[in-house]
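Please take a moment to look over the sequence and the model before reading on.

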Amino acid sequence: MSKFSERDIQYMRRAFELARKGWGKVSPNPMVGAVLVKNGEVIAEGYHAKFGGPHAESNAIRNAKGQAEGSTLYVNLEPCNHHGKTPPCAGAVIEAGIREVVCSNRDVNPKVKGHGFRKLRNAGLRVRSGLLREEGYRLNEVYFKNITERAPFVVLKAAMSLDGYIYSDHLKNRYLSGKEFLKYVHRLRAGYDAVLIGARTAIVDNPRLDVRHVRGRNPVRVILSDGARLPEELNVINGNSSQKTVIAVPSVNSNQVPYGENIELWKIRSRRKRFPIREFLEQAMSKGINSILVEGGREIFQAFLSEHAVDKMIISHTPFIFGSGVHFIDTAKSKIKLDSIKFKFHKWETIGYDSVFTGYPDFYTDN
């Protein structure tokens with residue numbers, strides 16, 4: 001196993017920082033950053049800036065202005081060795097005279113999957129892989145799941161009081177969380193392909209589901225409905241006309257007429273009235289929606305959790321106690337036991353006055 005130095009770690013962390021600049025701009029491609037180091041100094045950097053554009057390695061080589069020969073390339077994902085929208089990066093690395101490549105993750109795409117490393121080694125380059133592997137995996141968790149499972153990556157995001165309420169009359173039409181967390185949520189939306197809520201939340205809260213507080217692309221808005229027609233004055237229907245809205249209904253309840261321009265009606269295969277989450281996710285993937293941010297409400301949270309269809313959870317706790325309202329989970333009706341979800345990895349952070357929990361659920365049953 002290759003040994004990595006503190007300087008190696010420093011350069012790879014810089015590659016991660018560069019890669020994150022592609023958040024919301026490169027899907028369905030992975031986010032990739034590259035750092036070229038020569039004689040102990042960074043001589044050039046690059047990252048994948050937009051889908052269809054040059055890859056990180058090519059940008060770093062170009063920015064080196066002919067000085068890349070004899071350097072070490074730090075890159076978070078295995079350089080590709082196939083022609084896609086751009087030429088193969090492995091070939092560009094070899095032609096530039098780079099002597100060593102240090103990488104975080106092997107690419108799981110069957111078109112790459114070790115072939116890039118093999119080409120580099122066959123050309124005489126030293127290749128070291130596995131540096132900060134877990135961090136590199138989390139950076140491109142959407143991409144890795146899309147490729148290996150052919151399914152969207154699902155993030156459940158909720159905001160609640162200290163006593164677990166996600167809604168209360170005490171709110172009086174104001175946001176539960178602070179401005180800083182709201183801005184953080186908009187950055188999240190800008191990076192995921194779709195943001196999803198239930199029909200009841202669409203009617204009660206009338207949200208816009210856009211990214212107006214940050215720069216970035218607006219996600220596709222998805223409304224899960226039991227089939228009842230939504231009021232056409234809602235923001236998700238008559239708001240930003242350039243932002244696409246999908247209204248998904250079970251096929252058994254799908255006797256609806258189209259809503260209008262830029263609004264799609266999806267009929268999800270189902271023989272029951274309960275919304276078919278797995279079938280919906282299959283259709284979403286087939287339509288190019290590779291990642292989904294689920295924002296509520298409670299019935300939607302419970303539907304996704306009960307089918308173990310959540311990859312990541314982001315829960316903010318605001319410093320209020322309401323005493324009444326709508327709980328995050330209704331334990332009397334939910335199929336989920338209080339002890340049925342553990343977390344493989346989690347962290348806490350403070351965003352404004354909110355305490356934010358991020359974790360990856362590990363579902364299990366007591367059989």
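A patch, as the word is used here, is made of residues with over 30% relative accessible area and no salt bridge, where like charges are joined within 9 Å and nonpolar side chains (Val, Leu, Ile, Met, Phe, Trp, Tyr) within 5 Å. A salt bridge is a side-chain nitrogen of Lys or Arg within 4 Å of a carboxyl oxygen of Asp or Glu, and accessible areas come from the Shrake-Rupley method with a 1.4 Å probe, counting for residues only the protein chains shown as cover. The model is predicted, so local features need pLDDT of at least 70 and side-chain atom pairs count only at pLDDT 80 or more, while totals for chains, interfaces and linings use all residues. Residues are numbered from 1 along each chain as its sequence is written, and side-chain values use heavy atoms, with hydrogens and water left out.

On the surface, Tyr167, Ile203 and Val204 form a nonpolar patch with about 270 Å² of accessible area together. Val204 lies in helix 8 (helices, H or I with at least four residues, and strands, E with at least two, are DSSP runs numbered from the N terminus). With a relative accessible area of 53%, Val204 is exposed, a term that means over 50%, whereas buried means under 20% and partly exposed lies in between (1.4 Å probe, protein chains only).

Is strand 9 enclosed or exposed? Five of the five residues of this strand (residues 220-224) are buried, so strand 9 is largely enclosed by the rest of the structure. Val220, Val222 and Leu224 point one way from the strand, while Arg221 and Ile223 point the other way. In a regular strand the side chains alternate between the two faces of the sheet.

Strand 9 runs parallel to strand 8 (residues 194-198), to which five bridges join it, and two strands pair if DSSP finds at least two bridges between them. Ile197 stands opposite Ile223 in strand 9. From strand 8 the chain passes through helix 8 (residues 199-205) to strand 9 in a right-handed β-α-β crossover. Four bridges also join strand 9 to strand 10 (residues 245-250), again in parallel, and Leu224 has Ala248 as its bridge partner there.

Ala159, placed in strand 6 (residues 153-161), is buried with a relative accessible area of 17%. Asn290 lies in the loop between helix 10 (277-286) and strand 12 (291-294), and Asn290 is likewise buried, with a relative accessible area of 9%.

Terms used:
Right-handed = clockwise from strand over helix to strand, strands pointing away.
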